Amino acid sequence: SHVGGLLLADAWVGRCGDASKALTELAAHLGALCGGTAAFDMVSYVQAVQQRKDIDAAARVLDSLGKFTQGRCDEVVQLYLQIMSLSLDSSALAVIGATLAAGGVNPLTGASVVSCADQTLEALGSEKLSAKWGGNSTAFATSSGLILVVAEGSATLALCGPSLTDEGVSKLGMEVCAKLHEEYSL
């Protein structure tokens with residue numbers, strides 16, 4: 001479940017030249033998307049480090065396959081842990097969703113900020129869930145349990161629940177998404 005995030009962390013290292021610059025740029029971009037700030041959160045970092053064994057295993061496999069083209073394996077893993085530690089609550093995700101639903105224009109700031117929104121969400125460890133339901137919306141789930149549902153041009157919904165699947169996705173959020181699709185074809 002960490003493969004996409006690790007590969008995108010590697011891509012951000014390549015884009016920015018090093019992991020420190022990559023984290024700074026990514027945090028700034030997330031801040032622009034949510035109309036606020038994406039700050040480092042120690043509790044999230046501790047939770048990310050608790051997954052370190054699985055993250056390291058995935059990184060070693062990717063590295064052995066030559067998939068890290070921009071950064072060293074340890075640099076990519078450290079950046080990915082820091083990315084997972086950026087503080088985004090459901091309110092920030094709702095604004096990000098509203099920004100995506102509005103074609104990339106942040107409703108709070110009026111700024112057009114969509115240039116790398118998909119890459120940003122994926123770098124946070126999110127995965128598109130829309131394949132599970134189809135419909136007119138796109139759902140993203142982060143490894144910290146948050147789910148963001150975007151119905152382009154109309155609405156967004158940020159969901160979070162305390163009970164998580166093995167992949168770190170909110171069980172209640174998944175149930176709500178399935179129910180929304182069933183009842184409203186979202």
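Analyst: In helix α4, the residues Ile55, Ala58, Ala59 and Leu62 are buried, where buried means under 20% relative accessible area, exposed means over 50% and partly exposed covers what lies in between, with a 1.4 Å probe and protein chains only. Helices here are DSSP runs of H or I with at least four residues, strands are runs of E with at least two, and both are numbered from the N terminus. The coordinates are those of a predicted model, in which local features need pLDDT of at least 70 and side-chain atom pairs count only at pLDDT 80 or more, while totals for chains, interfaces and linings use all residues. Residues are numbered from 1 along each chain as its sequence is written, and side-chain values use heavy atoms, with hydrogens and water left out.

Seen down the axis of α4, the buried residues fall within an arc of 100°, so they line one face of the helix; the arc is taken from the directions that run from the helix axis to the C-beta atoms. An α-helix has 3.6 residues a turn, so residues three or four places apart point the same way. The face of α4 turned away from the buried side carries the exposed residues Lys53, Arg60 and Ser64. As for length, α4 runs over residues 52–64, and its 13 residues should span 18 Å at 1.5 Å a residue, which agrees with the 18 Å between its end C-alpha atoms; the expected span is 1.5 Å times one less than the number of residues. The helix is followed by Gly66, whose phi is positive, near 75°.

The cover over the buried residues of α4 includes α1 (3–16), α3 (42–50) and α5 (73–84). Ala59, which has its place in α4, shows the inward side in detail: this residue is buried, with a relative accessible area of 0%. Leaving out residues up to four places away in sequence, Ala59 touches Leu6, Phe68, Cys73 and Val77, a contact being heavy atoms within 4.5 Å. The C-alpha atoms of Ala59 and Leu6 are separated by 7.0 Å, although the two residues are 53 apart along the chain. Arg60, also in α4, is exposed, with a relative accessible area of 54%, and its C-alpha lies 9.7 Å from that of Val77, 17 residues away in sequence.

A search of the whole structure finds one aromatic pair, formed by Phe40 and Tyr45, which is tilted, at 5.5 Å centre to centre with 50° between the planes. Rings of Phe, Tyr and Trp (its six-membered ring) pair if their centres lie within 6.5 Å, and planes under 30 degrees apart count as stacked, over 60 as edge-to-face and the rest as tilted. Phe40 is partly exposed, at 45% relative accessible area. Arg15 lies over the face of Trp12, at 4.5 Å from the ring centre; for this, NZ of Lys or CZ of Arg has to be within 6 Å of the ring centre and within 35 degrees of the ring normal. Cys16 is buried at 13% relative accessible area and Cys34 is buried at 7%, while the structure holds zero disulfides, a disulfide being a pair of cysteine sulfur atoms within 2.5 Å.

Asp41 is found in the loop between α2 (19–34) and α3 and counts as partly exposed at 25% relative accessibility. Apart from neighbours within four places in sequence, Asp41 is in contact with Ser85 and Ser87, and its C-alpha is 9.2 Å from that of Met84, 43 residues away in sequence.
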